[in-house]
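Thanks for asking me to walk you through this one. Please have a look at the sequence and the structure first, and then we can go through my points one at a time.

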Amino acid sequence: MCMPKPTKNSRFSVSLAVATIIITLSLTSVARAAVKDADIDGLTDDGEISIYHTDPANADTDGDGISDGQEVTDGTDPLSADVRTVSASDFSDPGISGQPEKYPWYFGRAAGVAAFGLLTLSVVFGLIISSRAFTRLIPGVDAYELHRSISLAGLVAVVLHFVSLMFDGFLRLTPVEALVPFLFSREGLVSSAGFDVRIPVALGVIAFYLVVALILTAEFRSKLPARSWRIVHYASFAAYPLFVLHGFMSGTDSVHGWARVMYAGSVALVATLVVVRIISRTILFLRRRAASKGIPPVA
Ligand code: HEM
């Protein structure tokens, strides 16, 4: 495949602007989700789902007449009507407000969502380039520049994502757990979507390495044999489902409608472009074959 050469610096500014908008939107939506307290019991919905396992729509989950927030403050169990019972949950954390030690967790999640958006866009532009079906809409050079710089921005967001989670006192993610697949495991830690976090987090770590390999081989493409570059680049098809499964299965936000729309929208967009790519490459192939046999092309 003949890829157009990257040229103008101005295209980098355009892609930076796109990346900034996505990161800002992601941070805003996560921040909004983070401070939401639907049942007004003093605990954020996120805290109720992921930390206390109480009902975010019911101010008094165990029905003992004391609100969940009050029980957390008192050190009693909001999941048991027996007010003398002390919960096994991490009660040192009653939510985001006044809890600066929780900021790394929120920032890490926001960066994860931003990384997801950026890497989805990168896959989208990759498919736009290789399908060659949209050259009138967006010139190949522009699509290539966007693809390249958005991938880099995505990689930066992934690094911010897991480095930030290392500073969260609840997850206590270690560098070794973040970099070696299948080492992260927490007894009884189930994600908001109901999955044991071990496998989905491992998928995220593998996806990270695939993204690193893709970006490195793209940067040093001219020094690599075309075949090696192509083989590694096809790894993007594996990285994509891995980070989709990772985000959905391990993320706290997967219970929220906006997050589900984000995951479903990404999959629908990428699946559509894969189909467009297959069709347009098949048409291209048939045209070339017809031309080589001297058959006039079908309009
Ligand atoms: C391509 C790479 C990656 C992408 C696109 C990605 C993206 C995401 C997304 C979208 C979420 C859901 C956030 C939420 O619902 O609030 C998430 C969660 C998570 N990710 Fe990643 N991630 C990647 C790699 C990694 C790596 C290398 C680690 C290191 C262990 C990691 C650890 C985690 C953890 C622990 C969570 C759960 C956080 C929580 O909601 O409590 N991720 N990731």
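**Notes for a first look**

1. Let us begin with a helix pair. Helix α4 (residues 103–131) and helix α5 (residues 140–166) have axes that come within 7 Å of each other and cross at roughly 160 degrees. Since angles over 145 degrees count as roughly antiparallel, α4 is therefore roughly antiparallel to α5. The crossing in which α4 passes α5 is left-handed. Sorted by class, the residues in the contact of α4 with α5 are 21 nonpolar and 10 polar, with no charged ones. Please keep in mind that this is a predicted model.

2. Now a step back to the whole chain. There are 10 helices and 0 strands, so from the N terminus on the order of elements reads α-α-α-α-α-α-α-α-α-α. The chain has 299 residues, and buried residues make up 36% of them.

3. Helix α10 (residues 257–292) packs with α4 at an angle of about 15 degrees, and their axes are 9 Å apart. An angle under 35 degrees counts as roughly parallel, and α4 and α10 are therefore roughly parallel to each other. The crossing of α4 and α10 is left-handed.

4. Which residues touch the most other members of the largest nonpolar core? They are A114, A115, L118, A157, V211 and F243, in a core of 46 residues. Two or more residues of this core come from each of α4, α5, α7 and α9. The largest share, 17 residues, is given by α4. As background, nonpolar side chains tend to be buried together in soluble globular proteins.

5. The ligand is the next stop. Around the ligand there are 29 residues, and G112, G204, G247, G251 and D253 come nearest. Helices α4, α5, α7 (198–219) and α9 (236–250) each supply at least two residues of this shell. By class, the shell around the ligand holds 18 nonpolar, 9 polar and 2 charged residues.

6. S122 lies in helix α4, and S122 counts as buried because 27 C-beta neighbours fall inside 10 Å, where 20 or more are needed. The C-alpha atoms of S122 and S151 are 5.4 Å apart in space, while the two residues are 29 apart in sequence. D142, for its part, sits in helix α5. Is D142 buried or exposed? With 20 C-beta neighbours inside 10 Å, D142 counts as buried, since the cut-off is 20 or more. Between D142 and I129 there are 9.4 Å from C-alpha to C-alpha, and they are 13 residues apart in sequence.

7. Please check the backbone at two places. R132 has a phi near 55 degrees, a positive value in a residue other than glycine. R132 is found in the loop between α4 and α5, and with 16 C-beta neighbours inside 10 Å R132 counts as partly exposed. F182 also is not a glycine, and its phi is positive, about 75 degrees. The loop between α6 (175–179) and α7 is where F182 lies. F182 is partly exposed, with 13 other C-beta atoms within 10 Å.

8. I21 has its place in helix α1 (residues 9–35). Why does I21 count as exposed? I21 has 11 other C-beta atoms within 10 Å, and a residue is exposed if the count is 12 or fewer. D60 belongs to the loop between α2 (45–52) and α3 (68–74). With 19 other C-beta atoms within 10 Å, D60 is partly exposed. D60 and Q70 are 10 residues apart in sequence, and their C-alpha atoms are 9.4 Å apart in space.

Definitions and conventions
Residues numbered from 1 in each chain as written. Predicted model: local features only at pLDDT ≥ 70, side-chain atom pairs only at ≥ 80, totals over all residues. Axes fitted to C-alpha atoms, helices over the stretch in contact; angles between N-to-C directions. Helix = DSSP H or I, 4+ residues; strand = E, 2+ residues; numbered from the N terminus. Parallel < 35°, antiparallel > 145°, perpendicular 65-115°, else oblique. Left-handed = near helix turned anticlockwise from the far one by under 90°. Nonpolar A, V, L, I, M, F, W, Y, C, P; charged D, E, K, R; others polar. Near = placed C-beta within 6 Å. Core = buried A, V, L, I, M, F, W, Y, C linked by C-beta atoms within 7 Å.
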